[in-house]
Structures are given as C-alpha cells and as structure tokens.
Amino acid sequence: MRRMTIVTGAASLAALTALAGCSSSSTSAESSESATASPAASSAAASTSASPSPTAPCTLAPDTRVTDLTYAQLQQYELNNGEKIPTLAEFLDLANEAKVGVLPEIKTFAAAEGQAKPVPTQAQFAQYTEMLNERKDIAEKLIGSFDESTLKYFADAQPDWPRIWFRGIGNGDAFTPPTVEEMQTRAPSGNALGVINLLYFQGTFPPNQQAYDTPAAFADAGIPVYIWYNTATGGDSPTDAPGLAGVTSPGWEAIASLTPKNVKWIATDMTKEYTAWADAAGEAAQPIPAMVAHRGGGEADVSENSLGAFTQAVDNGAKVLETDVQWTKP
C-alpha cells in the first residue's frame, strides 16, 4: 500500500532551486522505496536512496505545492543552501537530540480558490501524534492551527499539549484585535491564542476607533498568548517598526513589556538578535517570553525550514522550533 510521507517546509516550491532537470515519474527502485516507507523510516530511506535521475528540464509551475508532488519527486529539488526539504522525522530527531520544543503547524490547502481546505484524516493525525510521542526528549509539544477541527482532535487525543488557535488577518478575519468571545466561538478547543504582533493591542484601535485591552482580556480568561511577526506587520526586532494602517507595529520590547504579562511565546526569524536582546532586556520585559524560531529563523545564507536553519536556531538559543507540515502526494 502506498503511503504519504510527511515533510516540513514551504507551502510552494517558489523558494527552491531546481536541479539541472527533473522527472515527473518515479519508477526507480530507490524512489519507490522512499515514497512507500513508513513515516518512522522515511528519513532513513531518503538518506540511503539516490534521488531519481533527472530526465528532462523542470517545467513545474513556480507555485507548485509540496502536496502536488510525491516524495521522490520532491527529492529532486534542493534549498538554496544545498539541502533537501527535510522530513518531519528528521526535524523531530533534531529537536529530540537538542531537547527543545517543537511547533509543527499542519498545513492544508484548498484545491481551488474559494473551496474549503481539506482536513487531515484521523489516520494522518494519529500518524503525526505517534511520531511526536516516540521522541521522549522533546521539551514541549505545541499544536498551532487556524482550524478548529485540528485543535479538537488534539484536545481529545493529547490534552496535555498546548493548542494555539491562530487568528489571522484577511481570509474572513477582520483587521481588528481578537476577543475572548471570538476565540471561544470559533476555536473552543484552543487553550492559547496565536496572534500577529500589532493585533495584541491596548488602547483605541485606529482603523475602527474602538477601545481594546487585548492583554487584560486574555489574561483574565487564563489564556496564554503566542505572538508572531511577518513581513506585512514588521516589528521583528526589539524596537517598533513602521505601522500598518495607522497601527504601530510593536517590537519584542513593547510586546514583552505589556501588562498584564500574558505572552508566553514570541516567534521570530531573528534568533541570534532575540537572544542578545533577551540577555540585555530591562525589568519591564521580564520574564522574557520563550523564543520560537519561526521556520528555523534561518540567516541570510541558510534556507528557512532547513535542518541547517533549525540547528542554527538551537545554537542561537531557541526554546521551540516552528515549521510547516504537509503530506506529500501518495
């Protein structure tokens, strides 16, 4: 029976560098073995099997997704630092050896715009859970998702794992700070909030001129908070960044100094800089939120979501490694 392989990395292949060519078929004995290996064995199979020999120039569209390819096809690509896209097993092995936490975000994508995103099957969730539980030295196992059904599965199957509901901007989410009522309605299975930095807001919110005290509301409800940064909101540094729609984009110092202190994790791409700031941060920022290395937080010469980036993040003091998880095509 053919099985899907779980891999970590980018949603699309746009950031990858193609090898000299690529084959759309996977007929060699080696590629067949890699594609059908059990999840626990997929890393070993990949390391002992040669990639299929490219037979023609790559003609895949630049937005080709991991889920569009078999594992064997995926192995014909390399990241900009020469690595292959790692499997979930390889990622977890690294975290287990380093004794750090993990936040693998399960990604799903609609087949076409406007269609609902598919939800992983119970068997896929169980496979994923087993892989994490096999590695006893992972310090903390977090689940992050925009999807309530994903959070519900883990609330039932692994209630001891923190479950972070990601509340975004766009795709139906208004550009407003989240509320406890909204979270309890949309993601009752979540027990932590994940929110972009500038929506963790106190005061009068400029776009709608309404008053919010998001830190106090979630602290009063006993809901810890995970803050992340992205290129649209900026602020991925100790100091504030230029605003978005009139809202200041707070840096780590501003977020960590908000009261009540309810931010447990800060996800950043700047792992070395975060540690330097944390070591020198003043009393107002204490206790320092745990650093989550967003996609490994790779530096300029190290691809995000690569084993090199994750290794570098551990060396730079990351407490949790975040990555995106997808199943390849069978």
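Author: Contact means heavy atoms within 4.5 Å. Helices (H or I, at least four residues) and strands (E, at least two) are DSSP runs, numbered from the N terminus.

Reader: What should I know about the source?

Author: This is a predicted model, where local features need pLDDT of at least 70, side-chain atom pairs count only at pLDDT 80 or more, and totals for chains, interfaces and linings use all residues. Residues are numbered from 1 along each chain as its sequence is written, and side-chain values use heavy atoms, with hydrogens and water left out.

Reader: How many helices and strands are there in the protein chain?

Author: The protein chain has 11 helices and 15 strands. Of its 330 residues, 49% are buried. Buried means under 20% relative accessible area, exposed over 50%, partly exposed in between (1.4 Å probe, protein chains only). Take the contacts between residues at least 6 apart in sequence: 70% of them join residues at least 24 apart.

Reader: Which residues are buried in helix 6?

Author: First the general idea. An α-helix has 3.6 residues a turn, so residues three or four places apart point the same way. Now the case. Helix 6 spans residues 148-157, and Thr150, Leu151, Tyr153 and Phe154 are buried there. These residues lie on the same side of helix 6, because they cover an arc of only 155° around the axis. The arc is that of the directions from the helix axis to the C-beta atoms.

Reader: Thr150 is one of those. What is the distance in space between Thr121 and Thr150, C-alpha to C-alpha?

Author: It is 9.9 Å, while the two are 29 residues apart in sequence. Thr121 sits in the loop between strand 4 and helix 5. Its relative accessible area is 42%, so Thr121 is partly exposed.

Reader: How do I describe two packed helices?

Author: Two packed helices are described by the angle between their axes and the distance between the axes. Axes are lines fitted to C-alpha atoms, for helices over the stretch in contact, and angles run from 0 to 180 degrees between N-to-C directions. Angles under 35 degrees count as roughly parallel, over 145 as roughly antiparallel, 65 to 115 as roughly perpendicular and the rest as oblique.

Reader: Which residues make the contact of helix 4 and helix 5?

Author: Helix 4 brings Leu88, Ala89 and Leu92, and helix 5 brings Tyr128, Met131 and Leu132. By class, that contact of helix 4 with helix 5 has 6 nonpolar, no polar and no charged residues. Ala, Val, Leu, Ile, Met, Phe, Trp, Tyr, Cys and Pro count as nonpolar, Asp, Glu, Lys and Arg as charged, and the others, Gly among them, as polar.

Reader: At what angle do the axes of helix 4 and helix 11 cross?

Author: The axes of helix 4 (residues 88-98) and helix 11 (residues 307-315) cross at roughly 15° and come within 10 Å. That makes helix 4 roughly parallel to helix 11. Glu90, Phe91, Leu94 and Ala98 in helix 4 meet Leu307, Phe310, Thr311 and Val314 in helix 11. The classes in the contact of helix 4 with helix 11 are 6 nonpolar, 1 polar and 1 charged. The buried residues of helix 4 include Phe91 and Leu94.

Reader: Is Asn305 buried or exposed? And Gln209, buried or exposed?

Author: Asn305 is buried, at a relative accessible area of 3%. Its place is the loop between strand 14 and helix 11. Gln209 is exposed, at 57% relative accessibility. Gln209 lies in the loop between strand 8 (202-205) and strand 9 (210-213).

Reader: Where are the cis peptide bonds?

Author: One joins Thr259 and Pro260, with omega about -5°. Pro260 lies in the loop between helix 9 (252-257) and strand 13 (263-268). Another runs from Gln286 to Pro287, with omega near -10°. Pro287 is in the loop between helix 10 and strand 14.
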